[in-house]
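Okay, thanks for coming, everyone. I'd like to talk about aromatic rings today, so let me put the structure up.

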Amino acid sequence: MCTHLSGGRLNVAIIQETMRKELLNLLQLCEGPKVTIWDEWLAGPIGLVAQYSLLKEHEVADMFPLRPGSLPTISVKHIIFIARPKIFLMDLVADYILSLRSKQNTPVEFHLFFVPRRSELCEKHLKNRGVYGNLTIQEFICDIFPFDSDLMSLELQNDFRENYLEGDPTCLYNAAQALRTIQQIYGIVPHVYGKGQAAKQVWDLLCRLNKEEQGLGPKGATTSCIDQLLLLDRGIDFTSVMATQLTYEGLIDELYGIKSTTATFPGHKFVSADDTNPEVTARERKRIILNSGEELFTELRDCSFTTVGTVLSRKARIIKTQLDERHNDKSVQEIKQFVSRLPQMLANKQSLASHTAIAEYIKETTDSFDFHDKIQCEEDFLTCMDNERICPFIEDLIAQKVPLTKVLRLICLQCVTGSGLKLKVLEYYKRELIQVYGLKTWLTLCNLDKCGLLKPQTGSRQYSVLRKALHLTIEESELDPKDKNFLSSKYVPLTVRLSEHIAKNKGWAGIVDVIGALPGPTLDQLQTLQPRMVRRNSISSENSSVDNPKVVLVFFIGGCTFHEISALRSISQQEDSNVEFVILTTKLINGNTFIESLMESE
């Protein structure tokens, strides 16, 4: 088990161990040497469950990505395809089987592991391609991928698009199954709250799954270490996605992308003075793993980027002081103690060098006039200034023909903070975008309209009401030191304010009228699946232990940003806080990846 996964009250490492056993049990069904061919989207997430070194111990001789093209001659008995149930992937599987079958001299057994569940449609497609009879099909039920001690993701590639645009509810079923898995492992969560249409649909599906299983006996533990479950539909809060994230981890994701806790950077700033091949290091891309297993990253990740330099300087002084101790006169015992600490000191020094390089890369962007102008424009929208007229900054961006994603993100932010755009403003933006970026842009604009991201203004000013009622934006003079390390453009995500209220007030009491302004139904349920359940730490208990914080599982259906995660962590870390948030999401997103998922390809 990874130690960084077991740092909270909810031991996320149990999820990792459960999924790992599931995979190894499937591999053991194929006795002897084997080759795995992976769906490329799954390679990173499943690497968090079982690394290649572990697979090699179970006779996996080689691994290949599932992509168009041919494979080299394979001289093993078992070839295992591990893929999501997608038609285009089934075509690749069929092509590989037909190709290998024609050129392999030795007999080969083909296996297909569907992740997370098999699909009749895909099986029918394989039959039509004439390869179904060659395959042994299994399910690798890997619903949840553990990212950190307080973060898990389903890693559904296009869940929001599939649900909102294409009307495919498969992602909602997968979300309900993931919650069922969590309750089977950690116990039934007594109190369930939610907001939004997707939240209600997932809850209804979960109830149906529970009813179907009631005859089989209770699956969850008699007590749960999760006190509350909050289901949040991404559709209730687009503002938090469109605003630029200004935390350290958020900016890494905005500028370089974080995939399965790993980010990739240009190599030239990672060249050290004692590097034997500086030219090679500078040319190669540098992959950095970002999780709480690294002490310095844990300290930096939720900081506002403006404070990162101070933290790095302080850390550099501490490391220098520790290493300078070797020059002092010491006894033999003290020397032995120093030598024992030396590997950790050198690891800290390397960690400091890596994060200093990353900070330098980010600073190149954040120091630019363009970045400052964009943040100022966002702040104006978030504080409801000038969001009812054509924005000159957006006009300039269109005229410069900057990447379409950047322009659409700002227009969508203006729209959601203004509860729509005035008709003449909306028509002007559409006309300009189509003239500059081409007629193909019209399909993307239709998609954004369908999702509620680009729409004409109606009578109500929903965002303006919510901003004041839930205190979503904070003036500079009001800033509390506790808030400074998660504020993005002086904005606190709406989803975070709702999570904070649920944790402190044991429900929606006090904001029922306010959340009525948000789209979709409101959930407030008590799970009674197991009448004998005795809650030692229940929130309904009046004498609940102050020393033992309650655990709130916040499930973002449709995606979650690192800014929202940092904000929830910040609340948990406050001195007067008696809550520990654990985040579950269908996918980790930012404004760019979210907009891109809704765009039509050329």
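Let's start with a cluster: Phe160, Tyr164, Phe238 and Phe594 are linked by ring pairs. By a pair I mean Phe, Tyr or Trp rings (for Trp, the six-membered one) with centres within 6.5 Å; planes under 30 degrees apart are stacked, over 60 edge-to-face, and the rest tilted. Before I go on, this is a predicted model, where local features need pLDDT of at least 70 and side-chain atom pairs 80 or more, while totals for chains, interfaces and linings use all residues. Numbering runs from 1 along each chain as its sequence is written, and side-chain values use heavy atoms, without hydrogens or water.

Searching the whole structure gives 14 aromatic pairs. One of them is Phe160 with Tyr164, stacked at 4.2 Å centre to centre, with 15 degrees between the planes. These two sit four residues apart in helix H6, residues 159-164, so about one helical turn separates them. (Helices are DSSP runs of H or I, at least four residues, strands are E runs of at least two, and both are numbered from the N terminus.)

Phe160 is buried, at 4% relative accessible area, but Tyr164 is partly exposed at 25%. Buried is under 20%, exposed over 50%, partly exposed in between, with a 1.4 Å probe and protein chains only.

Now, Tyr193 and Trp508: ring centres 6.4 Å apart, planes at 85 degrees, so that's edge-to-face. Tyr193 is in strand E8 (191-195) and Trp508 in the loop between helices H21 (494-505) and H22 (512-515), so this pair links distant parts of the chain, 315 residues apart. Both residues are buried.
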